Structure formats: structure tokens, C-alpha cells
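Dear colleague,

Please find below the structure that I promised to pass on to you.

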Amino acid sequence: MNELDFIAYGRLPYYPHMSVADTLIWERYLQWHPTAFDAVAYDVAIGQGAEFDATAGGLMGDGIKRLYQRRIDVLAKKGNTLFIIELKPRASTAAIGQVQGYGTIFKRDYPQFKDVQLLIITDSLMPEMQFLAEGAGVGIQTV
């Protein structure tokens, strides 16, 4: 699988492939939790990608596969624990399934990491989301 490219946890001028709404959520989180993590990786590609030849007969190279892979918004590290983080404005139940799926694929692709936690960071806690997330083993925080 791809090598994970961690950088120091902190504010950046921009965050790869992060929408404006997600960026606002993430920057509030950074401000309110300045020591939450040691390091982070953004836009982490996981999974197999395309099941078909998406390389135009090999002319576009192997990098095209990344376009068809799933992407983790933020992979954060605190000590030996990794956190798969999805940033969601008004997170719904779909966010729980998404982060669980990403966790399953990540654990398959990177079996060397034993302690992996799932986390949704949102700007608005929808009805019953805290209850549903806890029941699914997913952390959820509002900023």
C-alpha cells in the first residue's frame, strides 16, 4: 500500500482536497484542541481503486488508480493510536457507515497498525447521532 506521509499537527495554509465547509470545521477543531494529536496525514487513499483498466492502456501510469480509491479526510496519530477522521457538516447516519467502512479497509491495507479509532468531527450534532455513533463504536465531536 501507499506510504503514510505524516506531518506535524497544526494549522496549514490549505488542506489537500478538503472542501471549504470541512476546512472551517477542521480549523475550529485545531483551535479548540491544539494538543489533540502529534501528527496528521491528509487525503489518505485507501482501497483497491478501479476494478478496470483506468490507465488508457498504461499511458497515464499507475497514479491514475488514486482517483478511484476512497479517501480519509484526516489520519491523525497520538502516541501509538491512529484516528481515522471524517469531517462532516451536519453529520448524518451515513457518516457512521462511511467511517466504519474506511476503518475496515484501512485495517486491511495497513495491518501493522493495531490501535485504530474512528472519529467524526461535525459542526452540528443531528438528532440521535451521539447515541448511534456510540453504539457503533465511533467517536463524534462537535465544533
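How many helices and strands does the secondary structure of the chain come to? There are three helices and six strands, where helices (H or I, at least four residues) and strands (E, at least two) are DSSP runs numbered from the N terminus, and along the sequence they follow the pattern β-α-β-β-β-α-β-α-β.

Please keep in mind that this is a predicted model, in which local features need pLDDT of at least 70 and side-chain atom pairs count only at pLDDT 80 or more, while totals for chains, interfaces and linings use all residues. Residues are numbered from 1 along each chain as its sequence is written, and side-chain values use heavy atoms, with hydrogens and water left out.

Of the 143 residues of the chain, 42% count as buried, a word that stands for under 20% relative accessible area with a 1.4 Å probe, protein chains only. In helix H1 (residues 20–32), the buried residues include Ile25, Trp26, Glu27 and Leu30, and the buried residues of H1 pack against strands S2 (39–46), S3 (70–78), S4 (81–88), S5 (116–122) and S6 (139–142).

Glu27 of helix H1 counts as buried because its relative accessibility is 18%. Leaving aside residues up to four places away in sequence, Glu27 touches Arg11, Leu12 and Tyr15, a contact being heavy atoms within 4.5 Å. Glu27 and Arg11 are 16 residues apart in sequence, yet their C-alpha atoms are 7.0 Å apart in space.

Technical notes:
Buried < 20%, exposed > 50% of the residue type's maximum accessible area, 1.4 Å probe, protein only.
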